Every structure is written in structure tokens, then in C-alpha cells.
Amino acid sequence: MEQEELIYHLTEVRKRLLIVFGSFFAALCAGLYISPRLLLFMKSQPAAANIEWNVFSFTDGLFIYMKCALMVAVLFTLPVLLYQIWAFVRPGLTEEEARGTLPFVPISFGLFLGGASFSYFVVFPMMVKFMEKMNRTIGAVETYGIDRYFSFLFSVVFPMAVAFELPVVILFLTRIGLLTPERLKKARKYAYLGLAIVGSCISPPDFVSHLSVTIPLILLFEISVIVSARQWRSMAHGLSPQK
């Protein structure tokens with residue numbers, strides 16, 4: 001029976017992985033098709049409008065084209081991956097647990113998109129503007145390679161997108177009992193300090209930019225505390241004996 005159960009789980013994992021890989025391949029094909037239009041759209045944005053994308057080797061343009069298609073594929077495969085993970089563990093959950101955990105899939109994807117959008121349309125232009133100002137201050141001639149531009153872009157956008165997953169992570173840790181609202185409240189001042197450090201690392205070193213990045217992160221933490229408290233009360237009510 002144990003061997004049959006193991007075979008069943010391996011078969012289930014194989015099926016879920018095939019679905020994810022199939023979705024990734026389809027999204028990659030779509031990414032290859034829309035990448036030129038997406039790159040032109042990004043070139044028209046204020047952060048890149050005044051910057052010439054130079055290439056310093058014959059393969060630079062090809063690599064950026066492929067990286068853009070890959071990022072599109074990863075982005076649109078993410079909700080499929082999250083759902084397949086949920087579907088794999090679904091048989092081990094109660095009906096109430098299944099209903100309670102399914103919303104994690106769209107919420108996680110939405111928060112990731114929100115973080116990526118915020119960092120690209122708000123944080124990244126501030127970073128570019130500050131760097132351009134610094135380069136002019138020291139009399140440097142600005143000549144940017146397209147590969148360096150996108151490496152800098154990803155280093156700003158991706159950490160912020162991941163940081164926006166904070167409410168989901170805290171809610172999940174609350175559901176499994178590792179975090180409580182009391183622990184979060186006690187850790188608030190340390191969380192503020194950590195978020196301020198993160199905000200200073202991914203924003204230009206001026207006060208307005210710090211606030212523009214740090215305040216949304218702190219708001220995310222406070223939303224996480226509120227959601228965690230509601231979840232904890234709901235769990236406590238479910239465990240209380242019925243009269």
C-alpha cells in the first residue's frame with residue numbers, strides 16, 4: 001500500500017509538472033511574439049525616453065529579446081504554478097482549509113504584479129533620474145548598454161515585487177501557527193527598521209525617495225498585521241467549544 005501510494009503521488013507530481021511546463025512553453029511562445037512590442041513600449045516610458053540603448057556586441061539585442069520573452073513566460077506561469085501546488089496538496093486538506101487557501105493563488109499573483117508595477121513606474125524612474133544627475137555632477141558622458149540597463153531594471157523591480165508578497169507570507173505563517181498578532185505587534189519597531197533599510201537600499205539616497213519606497217512597505221506590513229489578526233480571531237473562534 002505504501003508503494004502504491006508513493007507511485008500515485010509521483011504520478012500526480014508528474015502530471016502537475018507537465019501542466020506547468022506546458023503553460024511555460026505556451027507563455028514563452030507568446031513572450032517571443034510580444035517582446036518587440038513590449039520593449040518598444042518600455043523604451044517610450046519616461047525612465048528610458050532620454051536614454052539611448054546601445055549594444056556593444058552582436059548578441060546584446062538577441063539576449064535582451066530572449067530575456068524579455070523569458071520574463072513574460074515566468075510571469076504568466078506563476079499563477080499556474082501556484083494553483084498546481086494548491087491542487088497537489090488539496091487532497092490532504094479539509095473542505096474549509098481548501099476554501100481558505102485557494103485565494104492565496106490570485107492574491108499572491110496580484111501582489112507580485114502590484115509590486116512589479118510600483119517599482120517599474122515609481123521607484124525605477126526615481127533611480128534613473130538620480131543616477132543621471134550624479135553622472136552629470138561628475139562630468140561623465142552617459143553611454144548606456146542595453147544589457148546593463150535591463151540588469152539594473154531587474155535588480156530594482158524584482159526585489160520590490162517579492163517584497164509585496166509580505167501580506168501573503170504573514171497570513172500563511174499565521175494560519176500554520178508560527179506567527180500571532182501579538183508577536184507581530186512586538187516586532188513592529190524591528191520590522192519598521194528593517195523595512196526602512198530595505199527601502200533605502202532600493203531607492204535613491206534622498207529623503208523623498210526613501211519615503212516614497214518605505215511608506216508603501218510599512219503600509220504593507222500594517223495590512224499584514226490587520227489580516228493576521230482577523231485570521232487569528234477566525235481560527236480561535238473555530239476552535240472554541242460550541243455551547
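**Salt bridges, a patch and a helix pair**

Q: How many salt bridges does the structure hold?
A: The structure holds five salt bridges, each being a side-chain nitrogen of Lys or Arg within 4 Å of a carboxyl oxygen of Asp or Glu. This is a predicted model, where local features need pLDDT of at least 70, side-chain atom pairs count only at pLDDT 80 or more, and totals for chains, interfaces and linings use all residues. Residues are numbered from 1 along each chain as its sequence is written, and side-chain values use heavy atoms, with hydrogens and water left out.

Q: Which residue does Arg16 form a salt bridge with?
A: Glu12, with the closest N and O atoms 2.7 Å apart. Both lie in helix 1, four residues apart, about one turn of the helix; helices are DSSP runs of H or I, at least four residues, numbered from the N terminus.

Q: OK, new topic. Which residues make the nonpolar surface patch?
A: Val13, Leu17, Phe21, Phe88 and Val89, about 410 Å² in total. Patch residues have over 30% relative accessible area (Shrake-Rupley, 1.4 Å probe, only the protein chains shown counting as cover) and no salt bridge, with nonpolar side chains (Val, Leu, Ile, Met, Phe, Trp, Tyr) joined within 5 Å and like charges within 9 Å.

Q: And which helix gives the largest share of the patch?
A: Helix 1, with three residues. Helix 1 (2–44) and helix 3 (60–89) each supply at least two.

Q: Which residues of helix 5 meet helix 7?
A: Phe104, Ile107, Ser108 and Leu111 in helix 5 meet Pro167, Val168, Leu171, Phe172 and Arg175 in helix 7, contact meaning heavy atoms within 4.5 Å.
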